[in-house]
Amino acid sequence: MTATPPVPPLSADEEAVMRALGRLMLVLPRSLNHDLERDQRMALSEYSVLRHLSESKCGLMRMSELAQACDMSLSGMTRLAAKLEASGYVKRIKCEDDARGWNAVLTSQGLDRLREAWPTHLSSVRRRIFDHLGDLDLQSLAKALDAIAGE
């Protein structure tokens with residue numbers, strides 16, 4: 001049996017990056033959510049659903065695909081879609097090609113609500129992310145972050 005070579009310990013700089021990324025993964029979503037809830041009375045998860053639907057073909061996505069895009073379970077997405085449907089922002093309709101599946105459809109009221117919330121979200125993203133990046137190469141940063149996320 002071949003012994004695996006030892007993994008070298010993290011350098012001080014690597015350790016600092018690892019800890020900063022760990023903190024960022026916890027703090028950033030909470031901060032973005034806080035800003036939307038405070039200024040728009042909308043959760044980041046709700047904004048995310050409306051945004052993904054607005055970017056999709058015909059404002060329609062299969063519920064399972066929408067759940068995946070929003071990094072949610074299907075049951076969590078079903079509950080959130082029901083809430084958004086009760087507010088008039090989303091409709092749920094049966095899939096034409098699969099009688100067991102459901103699609104979420106963005107309503108005109110939902111698109112209006114997204115447009116209303118967008119400036120708050122944009123301001124929050126600029127203040128909490130881009131104002132701290134200075135002259136970093138954003139393409140390289142995006143590529144590295146995607147690689148870390150396994151894309």
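A crossing of two helices is called left-handed if the near helix is turned anticlockwise from the far one by less than a right angle, and right-handed if clockwise. The close-ups below come from a predicted model, where local features need pLDDT of at least 70, side-chain atom pairs count only at pLDDT 80 or more, and totals for chains, interfaces and linings use all residues. Residues are numbered from 1 along each chain as its sequence is written, and side-chain values use heavy atoms, with hydrogens and water left out.

**View 1. Helix α2 meets helix α5.** Here α2 (residues 44–55) passes α5 in a left-handed crossing, at an angle of about 120° with the axes 10 Å apart. Axes are lines fitted to C-alpha atoms, for helices over the stretch in contact, and angles run from 0 to 180 degrees between N-to-C directions. The two helices are therefore oblique to each other: angles under 35 degrees count as roughly parallel, over 145 as roughly antiparallel, 65 to 115 as roughly perpendicular and the rest as oblique. Helices (H or I, at least four residues) are DSSP runs numbered from the N terminus.

**View 2. Helix α1 meets helix α5.** Look for α1 at residues 12–40 and α5 at residues 108–128, packed at about 135° with their axes 10 Å apart. That angle makes α1 oblique to α5, and α1 passes α5 in a right-handed crossing. Contact (heavy atoms within 4.5 Å) involves residues including Leu28 and Asp35 of α1 and Ala117 and His121 of α5.

**View 3. Helix α6 and its two ends.** Just after α6 comes Gly150, with a positive phi of about 85°.

Key. Polar contact = N/O pair within 3.5 Å; in protein donor to acceptor, adjacent residues only side chain to side chain.
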